[in-house]
Amino acid sequence: MEKVRYLNDGESTNPLTLGYIMSERAYAFLNYSLEQAEGRLKGIKSSLGEVGGTSDWHDNPALDETHRQVDLWASIIIRKLNLLENVVLIRPRIKTNGVGFGNRIVLTFGENVQEETFLMLGPVDATFWKDCISHETPVGKRIMGLATGKTIQVDVEGEHTLLKIVEILPGDF
């Protein structure tokens with residue numbers, strides 16, 4: 001049974017007790033992609049009779065492939081249903097006293113003075129959109145709660161680099 005609630009500012013983010021943290025945008029996309037996957041599975045199942053006939057599926061490559069596709073899409077649907085089972089939605093965060101869920105963060109990496117801007121969200125958002133940092137990534141874990149101006153050393157793509165929090169902005173998603 002689907003359970004949805006909003007994350008409270010400052011709430012513990014232990015995924016074992018909290019649930020799947022995501023924005024409303026990711027939640028809506030997951031629901032949409034679930035509907036699409038269910039439609040795809042329904043279409044594949046309806047073709048079973050067309051490709052199967054009365055032959056043994058081991059002797060029928062088309063039927064064998066159709067069974068593989070049923071298994072694939074059924075597993076995709078199960079994964080999406082699991083992600084939607086215990087959802088904790090992130091609101092845009094207004095406070096800018098430290099990096100938190102829902103903030104937009106301006107960062108620089110290493111000697112690069114070019115600023116990069118990200119949203120601090122959950123892993124589902126980071127899977128779908130480029131401008132997000134998940135709190136579960138090494139960088140996300142290290143910067144959560146830190147203030148503007150803080151510089152830390154992080155591992156990025158196997159290399160030690162300095163990361164500076166240039167600015168923490170309210171979220172705008």
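When I call a residue buried I mean under 20% relative accessible area, exposed means over 50%, and partly exposed lies in between, with a 1.4 Å probe and protein chains only. What we have here is a predicted model, in which local features need pLDDT of at least 70 and side-chain atom pairs count only at pLDDT 80 or more, while totals for chains, interfaces and linings use all residues. Residues are numbered from 1 along each chain as its sequence is written, and side-chain values use heavy atoms, with hydrogens and water left out.

Let me turn to the salt bridges, each being a side-chain nitrogen of Lys or Arg within 4 Å of a carboxyl oxygen of Asp or Glu. The structure has five of them, and R25, R104, D131 and D172 are joined in a network.

R25 and D131 meet at 3.8 Å, N to O; R25 is partly exposed, with a relative accessible area of 32%, and D131 is also partly exposed, at 26%. D131 forms a salt bridge with R104 as well, the closest N and O atoms again being 3.8 Å apart.

R104 itself counts as buried at 15% relative accessibility, whereas D172, at 52%, counts as exposed.
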